[in-house]
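Please keep the structure in view while reading.

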Amino acid sequence: ANALVDQLMVFVDDGDGLFDAGVDSSVATIDGLALTPLAVTQGVQRILLVGAGPRSKLDAGTLRKIIDSTLKGLKACKAKDALVHIEELACPDVPMGALCEQLARSAEVASYQYSETLSKPKPGLSTARLQVNCGKAMKPAAANKLLKLGKQIGEGINVARELGNLPGNICNPSYLANEAKKLARSARGLVKKHDKAMRKKARAVDPEAFRLSDDLARHAQAVV
């Protein structure tokens, strides 16, 4: 059975960053807030409520904003562990599976902060363990598969962000080639590095194969 909180008061901070029921104004009262057995057994100490708006207006864009707001809230309160309930957020535009993937991807992206050449990098999302409760909307095995996929996509995005943030004197062609080799080893793939002589020979054999890269290079020079 679910544990039941008799009444939950929702307050708005007056700007001092401190909670004071005598000063901060109450904006809402929720009667009979049900907590799942998982939340009870794990000893939840804080509840973060994220306004989702009318159910009739839930769509892909709104859900992305809800996820972003949730992650910002977790970051602000420096939560180390979090249990996110998303059962009620499923909508025709975004099935539960897509919601799981988006949540995991966004959480992974939110955890990234560039630090390579910074003495005082800004902290990213510090939540070490993020659990997701889909309720009856999806079986755990299926949800875990999509959560893992979302995390992997987020990791790929962060790799690209890291390479894009590195200065040119570090992230040169040789550096990129070595990073590609690392990725290939981790994925049991194969990367072959072409020097200028090999590239010239390959271009003579199949010039069409290099047309796109040449166009991109000219575009990059034009932008710079």
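Predicted model: local features only at pLDDT ≥ 70, side-chain atom pairs only at ≥ 80, totals over all residues.

**Overall make-up**
- The protein has seven helices and four strands.
- Read from the N terminus, its elements follow the order β-β-α-α-β-α-β-α-α-α-α.
- The protein has 224 residues, of which 23% count as buried.
- Taking contacts in the protein between residues at least 6 apart in sequence, 64% are between residues at least 24 apart.

**Helix H5**
- H5 spans residues 173–186, which is 14 residues.
- From first C-alpha to last, H5 reaches 20 Å, close to the 20 Å expected at 1.5 Å a residue.
- Its buried residues include Ala-177, Glu-179 and Ala-184.
- These three lie on the same side of H5 because they cover an arc of only 165° around the axis.
- The buried residues of H5 pack against helix H4, residues 140–165.
- After H5 comes Arg-188, which has a positive phi, near 60°.

**Helices H3 and H4**
- H3 is made up of residues 96–110, and its axis comes within 7 Å of the axis of H4.
- The two axes cross at roughly 35°, and the crossing of H3 and H4 is right-handed.
- On the H3 side, the residues that meet H4 are Gly-97, Cys-100, Glu-101, Ala-104, Arg-105, Glu-108 and Val-109.
- On the H4 side, the residues that meet H3 include Ala-143, Leu-146, Leu-147, Leu-149 and Gly-150.
- Further along H4, the residues meeting H3 include Lys-151, Ile-153, Gly-154, Glu-155, Ile-157, Asn-158 and Arg-161.
- Sorted by class, the contact of H3 with H4 has nine nonpolar, four polar and six charged residues.

**Thr-70 in helix H2**
- Thr-70 is part of helix H2, which covers residues 60–76.
- Is Thr-70 buried or exposed? Thr-70 counts as buried because its relative accessibility is 12%, and the cut-off for buried is under 20%.
- With neighbours within four places in sequence left aside, Thr-70 is in contact with Leu-48 and Val-50.

Technical notes. Residues numbered from 1 in each chain as written. Heavy atoms only, no water. Helix = DSSP H or I, 4+ residues; strand = E, 2+ residues; numbered from the N terminus. Expected span 1.5 Å × (residues − 1). Buried < 20%, exposed > 50% of the residue type's maximum accessible area, 1.4 Å probe, protein only. Arc of directions from axis to C-beta. Contact = heavy atoms within 4.5 Å. Axes fitted to C-alpha atoms, helices over the stretch in contact; angles between N-to-C directions. Left-handed = near helix turned anticlockwise from the far one by under 90°. Nonpolar A, V, L, I, M, F, W, Y, C, P; charged D, E, K, R; others polar.
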